[in-house]
Amino acid sequence: MATLMKDIKLPQDHPKKILASKHIDFINEYGQDEDNFEYGMTDYLRVSGMYWGLTALELMNAQPTQDKESIVTYIKQCQDPQSGGLSACIGHDPHILHTLSGVQILATYDRLDAIDTSAVVKYVQSLQQEDGSFSGDKWGEIDTRFSFCSAMTLSLLKRMDAIDVNKAVDFVESCRNFDGGFGSRPLSESHAGLIYCNVGFLSLTHRLDLVDRDTLAWWLCERQLPSGGLNGRPEKLPDVCYSWWVLSSLSILGRLHWIDSEKLKEFIFACQDSETGGFADRPGDMADPFHTVFGLAALSLLAEESLQKVNPTYCMPQHVIDRLGLRPQILS
C-alpha cells in the first residue's frame, strides 16, 4: 500500500512578495524587553540570535536601531578571559557556535579589533581532537557542525594554518554516506543541515573534490515537496530553514538550477507573518529571527533583487566576504 508524502497546503491568501518593512520592525523590536520571560529564557543563544537578526537586517539593506558600538561592546564582554572563546551571553561558558556568531558580526561591522583574536584562535585550536574532529566546547561533544564552525571562524580571522587541516578534512570525509550526504559523525544519518556544514567545510578548505557532486545534489533536490518547500530528510515536513541549508549546498555544488525556484519562493513567501513581520518555519506558525534570516538568505540565493547578495558558504553579505578577500571554493 502506497504511503502519502508528508507535506502542507499553502494558504490561498499568503503574501506574494517580501514584507521588508514589517521584517525590519520585527527584528528591531525582537527581544528588546529585558523584563520579558522569553528574554531571560533565551540567554543561552543570545549572541547567535544577534547574528540572525543583524544579518537579516544587513540582507535587507537596513540598520539596527541599537547603536552598533553597543553591539560590539556586548560581544567583547562575552569573550572568556581564560579560554578566549565567546559565550552566548555574558557570564556563560564559551562555545564554538557563539564564537563563530560573534566573529561573523564583528567581521560584518569591520570591528574584529574589538576582541582578542589571537585568543580566539587558541580557543579553536584547543577544540581539535586527535582524529581531526572538533568538540563544541570543553565538555567534549563531537559533531561536524563544530568542524565547520571552527573552520569558518579561523577563515574569517585568516588563521586556517592554526589547525591540522588535513586531519580535519579526513574526519569530515569519514562522515560521508552512500547517498552522497553527510552526518554528524561517521555512520550517522544524512541530514540537510549537516550536509551544509560538511559541504561548507570542504568549500572553506578547497576540498570539494571529495564530494560525489551529482549524487548529493540529487538527494538534496529530492527534499523539495509538492508545496515547493524543502525538508531536511525523507518523510519530514518542509521548513523554511531548510531553504537555506539545501540551497546553499546546491549553490556551492553548482546545482542550484536543479530546484524549482519559483515554487520554493512561493513557499518562503507564504511563511511570512503579514501582521507581526518575520518568517516562521511553516505558514501560520510563530515567526522568529532564526527562520527570518534563513528565509531571507534563501531568497537572496534565488536572486531576489531587493536583497543583498549572500555568500552561500559563510551566510554573510557577499560584499563583506569580498572586503575580507576570502575565496571559498564554489563549483561551476
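Where in the model is L187 found? Hold that thought for a second, everyone, while I cover the ground rules.

This is a predicted model, so local features need pLDDT of at least 70 and side-chain atom pairs count only at pLDDT 80 or more, while totals for chains, interfaces and linings use all residues. Residues are numbered from 1 along each chain as its sequence is written, and side-chain values use heavy atoms, with hydrogens and water left out.

Now, back to L187. This residue sits in the loop between α8 (165-173) and α9 (192-204). Those helix names come from DSSP runs, numbered from the N terminus: helices are H or I with at least four residues, and strands are E with at least two. L187 has a positive phi of about 75°, although it is not a glycine. Is L187 buried or exposed? With 85% relative accessibility, L187 counts as exposed. For these words, buried is under 20% relative accessible area, exposed is over 50%, and partly exposed is in between, using a 1.4 Å probe and protein chains only.

N61 also has a positive phi, of about 60°, and is not a glycine. Look for N61 in the loop between α3 (46-59) and α4 (68-77).

Let's move on to charges. Side chains of opposite charge can pair when their charged atoms come close. By salt bridge I mean a side-chain nitrogen of Lys or Arg within 4 Å of a carboxyl oxygen of Asp or Glu. How many does a search of the whole structure find? It finds 12 salt bridges.

Here is one of them: R323 pairs with D110, and their closest N and O atoms are 3.4 Å apart. R323 lies in helix α14 (residues 318-324) and D110 in the loop between α5 (96-108) and α6 (117-127), so this pair ties together parts that are 213 residues apart in sequence. R323 is partly exposed at 38% relative accessible area, and D110 is exposed at 51%.

Next, please find R145 and D143, whose side chains meet in a salt bridge at 3.2 Å, N to O. R145 is partly exposed at 28% relative accessibility, whereas D143 is buried, with a relative accessible area of 8%.

There is a network to see as well: salt bridges that share partners join E69, R111 and D113. Within it, R111 bridges to D113, with the closest N and O atoms 3.0 Å apart. R111 is partly exposed at 21% relative accessibility, and D113 is exposed at 59%.
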